[in-house]
Amino acid sequence: MATCGKPARPAAVWMALLLMCACGDESAGGSVPTNLVLTAEPAALGLAPGQVGEVNFRLADKAGRARASNTVRFALVDAPASEGGVAGASLFAPEGITDAQGIVVARVRAGAAGSFRVRASWSGAGDLFVPVVVATRSVAPASAIVVPAADTKPASVEMRLYEGAACGALNVTTPAPSEPANSRTLAVAAAWQLPSLATDRSYALTARAIDQTGGVISFGCVQIHGNQLLQSTPVTFSIPLAAIPVTLAATYEASSEFIFAPESMPQAQAVGAAWGQLSRCPHDPAQRWLDCTLDALGPTTAGSKLDCIPEADEGPVGQLLLAKRGTLMEAADGCRDAKNAAGQMSADAQVLKLFPSPATGARAALPAIAKAAAGLFSQIRFASSIELAPSGEAGTWVGTHTARSLGFSVGLSFYSVPLSSRPGRFSRFVQAKVDDAQKALTFLKHGFGMRLGSAAHAAFRNRVLTYQGFAADERVFLNDLFSQAAAPGAPNVKGCDALDALLCPQLGKPGGCLQTACTAGLETMATQLTAGFDALDGDDIDFVLDGSASILDRTVDGTVKGLGSLVPSRGDPGLWTAQVRSPAGNTELSGIWVAARPLAQ
C-alpha cells in the first residue's frame, strides 16, 4: 500500500492521490493555494570541499502560519557566472515533507571548490535559491544566543556579525553591516544559526537588546576565533548583555495636571460659594444685600462676627427690618419669599425692584461669574522645567525644579498665570533616583512657595472679571452691582442711599438708619469674595510634591528624551502626589505629568 510522501505504483495512482490528500499535501493535485511563501535559514552557505551543510526551508502563508505535510523538492543548479558549477556536489534527498512547524531540511555535500545554488520548489510558491560557496579554506557551523542583563526585560535582540573586527572597536552605536546574512533581529530566547565561519578568520559578534518602546537597553560583544570552531559539531556562543546606563543630564520641560475633588479643599469651595450667594435665590442679589446689611446692624462680638448671616437679635433696627423680610421658603434652602409674615410685599422683593429689569451689566453677569468661580479649581495645569545633573552616585541624579506657570480652568479653556516673579518658584537639590531596571525615574519630596490662592485670584480677576468688562477688583465690582439699584423717582440716589431711602421710612426711622450697616455689609461681602483665595496661601513652602515617571525615548547610547507619555501605546503618564499647605490645613491631591527635552537639545 502507498504511504504519505512516497510515489505510488502506477496501478494505484488514484489510491495514492487519495492518501496524499488525506495526509494534507497541498502540492498533490486539486486546488493549490497561491498565497504561500518559502523562506530559508541560513540565507547562504559556506562549505569546505566534501563538507555537509543543511538549509532549513520553511513553508508558511503570508500571515506566517506554518503549513505542515507538504512536499518540497530540491535541486542543485549552477550559480550565475560560476566557475566550478556544481562540481561534484550532491543532495542527500531530492525532496522532503514539511513538519508541524512548516520546516523541511535539505542536506547537501559539497564537491570541489566553486559556487552553486540549492533550489527549493513547491507548486504554488515561487522557487527559492540559497547560494553555496565551496572554498578550500575550512569552515564550520556556529550559532549565537544572548544572556540578558539583570533586571531588564528586552522585547527583542539585534545581533550583528563582523568579520575581521575586534570588540574593542565596536560599541552600541556601530551601524549594522550591509549584508543581510550578517544581521538578525530575533526574540530574546531564540538562537541565531550563523553563516558558516572560516576557521582561519576572526569575528566580532555584537547584540543590542531593545525594549517595547524601541529603546536600546543593553549591549554585548564577544570575540570569535576560528580555532574555537568545530567542523563536526556547531559551537554555540553566548553574548552576555550589560545594561546601558541612562543619561538624564539635560533640562526637561514638564506639563502636569492636578484634578481636585470638590470636597478635598474647603478653601477652594468657598470661592465659588461666595459668588454663588449673589445669584442663588429668586430675589438675589437683593436678599444677599439685606443679609449683609442686617447682620451689620447688630453688635459685633466674639460670638457674633460679621459674616452676612443674620442672627435672631441684630438690635432694634434689625428687629424691625427682619419683620419686613420675606418668609423662608420651604423648598429652597435659605431663600426668602416675595411676601412677609403679614402677607405684604417683602423687603427682599421691594429691594429687587430697585434694580433695572431685565437684568443688565454686573447683575446679568452674576450667574456666569459664579459658575466660573465654582469651576476655577476643578483642574490645575502646572508648567515647570526640571534640570538634571549627575550626583556622583550611580542611579541618583540631582535636579532643580522650577515652576513656570499655573493654569486654571475657566470655562472650556485654561488661563495661565506666570510665576516668574515668585521667589519660591525654585526647588533646588531635588533628588531623583532611577530604578534597577532603568525603566522609571522617581523624584523625592520637594516643595515650592507657590501661593496657589494668589495665582488663582489673579487668574479669576484677569480672565473672569476683566474679560467680561469689569474692574479686576471685587469691591469695585460690588459698587458697580449695587449702584444699579436706584430709588423710585430719584434715579441719582443709588446703592446704599437707595436702600436707605426705600426702607428707613417703612421702619419708622430717620434717613440714614441703614447707611453705616449697608457700607459695612458690602465690605464684609467683598471680603468673603476673596477669603477663599487668601486661605489657600501658605506662609512658606505651601506646595509639596513627589512622584515618578517612566523613562522613554532612549537613544542607543542611553540618552533619555522623555519622561512619561500620554499615548497609551507608548507608556503611561507620570504620577505626582502633592500637598497644598495653608493656614486652614493641608490638602492632599494627585496629578499626572509628562516631560520632554526641547528639540534644540
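Predicted model: local features only at pLDDT ≥ 70, side-chain atom pairs only at ≥ 80, totals over all residues.
Is Gly538 buried or exposed, and at what relative accessibility? Gly538 counts as buried, because its relative accessibility is 11%. Buried means under 20% relative accessible area, exposed means over 50%, and partly exposed lies in between (1.4 Å probe, protein chains only). Gly538 sits in the loop between helix H10 (515-534) and strand S26.

Residues are numbered from 1 along each chain as its sequence is written, and side-chain values use heavy atoms, without hydrogens and water.

**Strands**

Helices (H or I, at least four residues) and strands (E, at least two) are DSSP runs, numbered from the N terminus. Two strands pair if DSSP finds at least two bridges between them.

Five strands form an open sheet in the order S12-S11-S14-S15-S17, and the pairing is antiparallel. Strands S12 (183-186) and S17 (242-243) stand at the edges with a single partner strand each, so one side of each has no neighbour in the sheet. S11 (residues 156-163) runs antiparallel to S12, and four bridges join them. Glu158 stands opposite Thr185 in S12.

Arg554 has Val560 in S27 as its bridge partner. S26 and S27 form a hairpin with five residues between them. Gly558, in the turn, has a positive phi of about 90°. S27 also pairs with S29 (residues 585-596), antiparallel, over two bridges. There, Leu563 has Ala595 in S29 as its bridge partner.

**Aromatic contacts**

The structure holds 16 aromatic pairs. Rings of Phe, Tyr and Trp (its six-membered ring) pair if their centres lie within 6.5 Å; planes under 30 degrees apart count as stacked, over 60 as edge-to-face and the rest as tilted. Two of the pairs are tabulated here.

| Pair | Centre to centre | Angle between planes | Class |
|---|---|---|---|
| Phe355 and Phe482 | 6.3 Å | 65° | edge-to-face |
| Phe382 and Phe448 | 5.8 Å | 75° | edge-to-face |

Phe355 lies in the loop between helix H5 (347-352) and helix H6 (361-375), and Phe482 in helix H8 (residues 474-482), so their pair ties together parts 127 residues apart in sequence. Both Phe355 and Phe482 are buried. Phe382 in strand S19 (residues 379-390) and Phe448 in strand S23 (residues 440-448) are 66 residues apart, and their pair links distant parts of the chain. Phe382 counts as buried at 1% relative accessibility. Phe448 counts as buried at 0%.

Ring pairs also link Trp275, Phe377, Phe408, Phe460, Phe470, Phe477 and Phe533 into a cluster.

The criterion is NZ of Lys or CZ of Arg within 6 Å of the ring centre and within 35 degrees of the ring normal. Arg107 lies over the face of Phe92, 4.3 Å from the ring centre. The charged end of Arg428 sits over the ring of Phe426, 4.6 Å from its centre.

**An exposed loop residue**

Where is Leu566 placed? Leu566 is in the loop between strand S27 (560-563) and strand S28 (574-582). Leu566 is exposed, because its relative accessible area is 60%.
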